[in-house]
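Here is a walk through one model, taken a piece at a time. Have the sequence and the coordinates open as you read.

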Amino acid sequence: MSARRSARGWDRLAGPAGSAVVVLVVVQLLLRGVVSVAQLALGAAALVVVALVLGQRFVVPWLARRPPNRPRITTTRAWTCPMPPEEALERIRTAFEDLGPAVRSEECCVEVSAGSDVTFRRRGTASEFGWRALPLLATFRVAPGSGGSEVAADVRDDLGWYPDAPSRLVEDEIDRRSASLIERAICATCR
């Protein structure tokens with residue numbers, strides 16, 4: 001137990017101690033004329049640019065692929081449609097054709113993926129492109145029912161790992177878009 005405590009204490013000291021060592025080394029390099037302030041500033045700017053580029057290229061996609069650290073925001077709905085299951089599935093698939101390869105059909109369900117978590121992270125909610133990229137995953141399951149088919153829709157956010165839960169504004173937009181996807185499928189199957 002004491003080894004753990006001392007290790008934790010060392011970890012707490014390592015950050016400030018490491019920072020102090022770096023500051024002392026930089027100050028000594030400046031005082032001895034090994035580097036100039038301009039070279040130091042240029043090096044720091046280059047380091048920031050490299051960190052941003054590497055972050056955009058590797059860290060953002062990695063975070064988008066990680067499972068979320070919070071419950072998903074989901075919307076579910078079920079309805080009955082008068083057509084046979086095969087026709088209902090085809091109508092749902094056709095209704096989302098404009099989303100292209102993001103629509104996958106299986107034997108008894110259609111899965112629709114809208115948006116991109118990577119683009120959403122890169123562009124943010126303050127830009128139109130970022131807002132449009134809000135990622136959702138909709139699954140429509142169709143089963144035979146009395147006089148037609150039973151359709152069950154499950155739409156959820158497709159956001160990866162974030163340090164905090166989405167803001168209320170993002171939650172409301174997920175709910176609004178989820179309802180819109182479900183209404184689109186209802187209109188397609190109830191004609």
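## Ground rules

This is a predicted model: local features need pLDDT of at least 70, side-chain atom pairs count only at pLDDT 80 or more, and totals for chains, interfaces and linings use all residues. Residues are numbered from 1 along each chain as its sequence is written, and side-chain values use heavy atoms, with hydrogens and water left out.

## Cysteines

How many disulfides does the structure hold? The count is 0, taking a disulfide as a pair of cysteine sulfur atoms within 2.5 Å. Cysteine 108 has its closest cysteine sulfur in cysteine 109, but at 5.2 Å that is too far for a bond. Cysteine 187 is in no disulfide either, with the nearest cysteine sulfur, that of cysteine 190, 7.9 Å away.

Where does cysteine 108 sit? Look in the loop between strand 2 (103–105) and strand 3 (109–114); helices (H or I, at least four residues) and strands (E, at least two) are DSSP runs, numbered from the N terminus. Cysteine 108 is partly exposed at 43% relative accessible area, on a scale where buried means under 20%, exposed over 50% and partly exposed in between (1.4 Å probe, protein chains only). Setting aside neighbours within four places in sequence, cysteine 108 is in contact with Leu89, Phe140, Arg141 and Val142, where contact means heavy atoms within 4.5 Å. Valine 142 is 34 residues from cysteine 108 along the chain, yet their C-alpha atoms are separated by 5.6 Å.

## Helix 3 against helix 6

Helix 3 (residues 85–95) packs on helix 6 (residues 168–189) at an angle of about 130 degrees, and their axes are 9 Å apart. Those axes are lines fitted to C-alpha atoms, for helices over the stretch in contact, with angles running from 0 to 180 degrees between N-to-C directions. The pair is therefore oblique (under 35 degrees is roughly parallel, over 145 roughly antiparallel, 65 to 115 roughly perpendicular, and the rest oblique).

Which residues make the contact? Helix 3 brings Ala88, Arg91, Ile92 and Ala95, while helix 6 brings Arg184, Ala185, Ala188 and Thr189. By class that comes to 5 nonpolar, 1 polar and 2 charged residues (Ala, Val, Leu, Ile, Met, Phe, Trp, Tyr, Cys and Pro count as nonpolar, Asp, Glu, Lys and Arg as charged, and the others, Gly among them, as polar).

## Buried residues, and an exposed one

Valine 110 belongs to strand 3 and counts as buried, at 1% relative accessibility. Beyond four places in sequence, the contacts of valine 110 include Leu89, Ile92, Val103, Ala138 and Phe140. Valine 110 and cysteine 187 are 77 residues apart in sequence and 15 Å apart in space, C-alpha to C-alpha.

Two arginines are worth a look. Arginine 177, in helix 6, is buried at 16% relative accessible area; not counting residues up to four places away, arginine 177 touches Trp131, Arg132, Leu134 and Leu136. Arginine 70 is in the loop between helix 2 (37–65) and strand 1 (74–81), and is buried at 13%.

Is alanine 126 buried or exposed? At 81% relative accessibility, alanine 126 counts as exposed, and its place is the loop between helix 4 (117–123) and helix 5 (128–132).
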